[in-house]
Amino acid sequence: MPIDTLVGTTLAGYALRGKIGEGGTATVFRAEHPQHGTVALKALKEKLAADPTAVTRFLREAQFGSRVIHPNIVRTLDYGQAPEGNRHYLAIEWASGELLEKYAERRGVLPPAEVALIVTQIGEAVAAAHQEGIVHRDLKPENVMYDAERQHVKLLDFGIAVDTEAAPDQRLPRAGFFVGSLMYVAPEALSGELVGPAAAQYSLATIACYLLT
């Protein structure tokens with residue numbers, strides 16, 4: 001079934017109420033579940049179902065989200081392969097607010113105190129991931145949900161994160177392949193080599209600069 005026709009259907013027990021976003025590998029829906037309530041449900045695109053690398057990366061995102069439990073990181077609630085079309089899915093908690101990128105575009109230059117609060121929370125989320133050996137590698141405003149009323153941040157999307165404790169042949173992508181977003185990525189990441197906390201600090205600084213200017 002084409003991804004755009006899934007709204008109004010049920011996938012693995014999740015009633016898909018509306019499409020809220022789409023990326024290169026997955027589409028995100030607002031969904032309802034009897035146990036989990038309102039969630040964001042990511043469904044892997046049908047064309048990638050037979051791509052072992054895409055499926056492995058999708059499942060690792062789910063596993064990383066299960067390993068890192070922190071108030072500033074969206075929780076993974078459920079993941080697997082739905083009986084309807086054998087489509088891979090990932091259910092995460094519904095985070096209130098809007099993407100930080102959209103908030104900044106709408107508001108313009110943000111007050112330094114608010115920026116400090118936002119960046120501190122992102123930093124705390126990243127530090128929690130580092131304690132589990134996980135490097136996000138794609139820190140940017142587009143991957144942060146921000147509830148301005150509560151001044152609360154939720155870090156999203158561990159799709160290209162890496163487990164620094166995994167064997168080199170188990171990492172995706174392999175060494176030598178650049179991943180990330182050029183505007184926010186540390187220079188050393190351009191070589192495709194494994195990066196660590198220092199690269200995250202660089203990305204946090206670029207996010208702060210963006211929000212302040």
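## Exercises on a predicted model

Arginine 87 lies in the loop between strand S5 (76-81) and S6. The structure is a predicted model, and each exercise below is followed by a worked solution.

**Exercise 1.** Count the aromatic pairs, and classify the one formed by tyrosine 103 and tyrosine 146.

*Solution.* Ring centres must lie within 6.5 Å for a pair, and planes over 60 degrees apart count as edge-to-face. By this rule there are three aromatic pairs. In one of them, tyrosine 103 and tyrosine 146 stand 5.0 Å apart, centre to centre, with 70 degrees between the planes, and the pair is edge-to-face. Tyrosine 103 belongs to helix H2 (residues 100-107) and tyrosine 146 to strand S9 (residues 144-147), so the pair ties together parts that are 43 residues apart in sequence. Both tyrosine 103 and tyrosine 146 are buried.

**Exercise 2.** Classify the geometry of the pair tyrosine 184 and tyrosine 210, then state whether each residue is buried or partly exposed.

*Solution.* The ring centres of tyrosine 184 and tyrosine 210 are 6.3 Å apart and the planes meet at 85 degrees, so this pair is edge-to-face. The pair links distant parts of the chain, 26 residues apart: tyrosine 184 sits in the loop between strand S11 (162-163) and helix H4 (197-212), and tyrosine 210 in helix H4. For accessibility, the cut-off for buried is under 20% relative accessible area. Tyrosine 184, at 9%, is buried, whereas tyrosine 210, at 24%, counts as partly exposed.

**Exercise 3.** Describe the surroundings of tryptophan 94.

*Solution.* Locate the residue first: tryptophan 94 is in the loop between strand S6 (88-93) and strand S7 (98-99). With a relative accessible area of 36%, tryptophan 94 is partly exposed. Leaving aside residues up to four places away in sequence, tryptophan 94 touches Ile20, Arg30, Thr38, Val39 and Ala40.

**Exercise 4.** Compare the span of helix H3 with its expected value, and find what its buried residues pack against.

*Solution.* Helix H3 (residues 112-131) has 20 residues and reaches 28 Å from first to last C-alpha, close to the 28 Å expected at 1.5 Å a residue. Its buried residues include Glu114, Val115, Ile118, Val119 and Ile122. Residues three or four places apart in an α-helix point the same way, because there are 3.6 residues a turn. The buried residues of H3 pack against H2, strand S8 (134-135), S9, strand S10 (152-155) and H4. Just after H3, glycine 133 takes a positive phi of about 80 degrees.

**Exercise 5.** Examine the phi values of alanine 12 and arginine 137.

*Solution.* Alanine 12, in the loop between strand S1 (10-11) and strand S2 (14-22), has a positive phi of about 55 degrees although it is not a glycine. Arginine 137, in the loop between S8 and S9, has a positive phi near 70 degrees, again in a residue other than glycine. At 15% relative accessibility, arginine 137 counts as buried.

Methods. Residues are numbered from 1 along each chain as its sequence is written. This is a predicted model: local features need pLDDT of at least 70, side-chain atom pairs count only at pLDDT 80 or more; totals for chains, interfaces and linings use all residues. Side-chain values use heavy atoms; hydrogens and water are left out. Rings of Phe, Tyr and Trp (its six-membered ring) pair if their centres lie within 6.5 Å; planes under 30 degrees apart count as stacked, over 60 as edge-to-face and the rest as tilted. Helices (H or I, at least four residues) and strands (E, at least two) are DSSP runs, numbered from the N terminus. Buried means under 20% relative accessible area, exposed over 50%, partly exposed in between (1.4 Å probe, protein chains only). Contact means heavy atoms within 4.5 Å. The expected span of a helix is 1.5 Å times one less than its number of residues.
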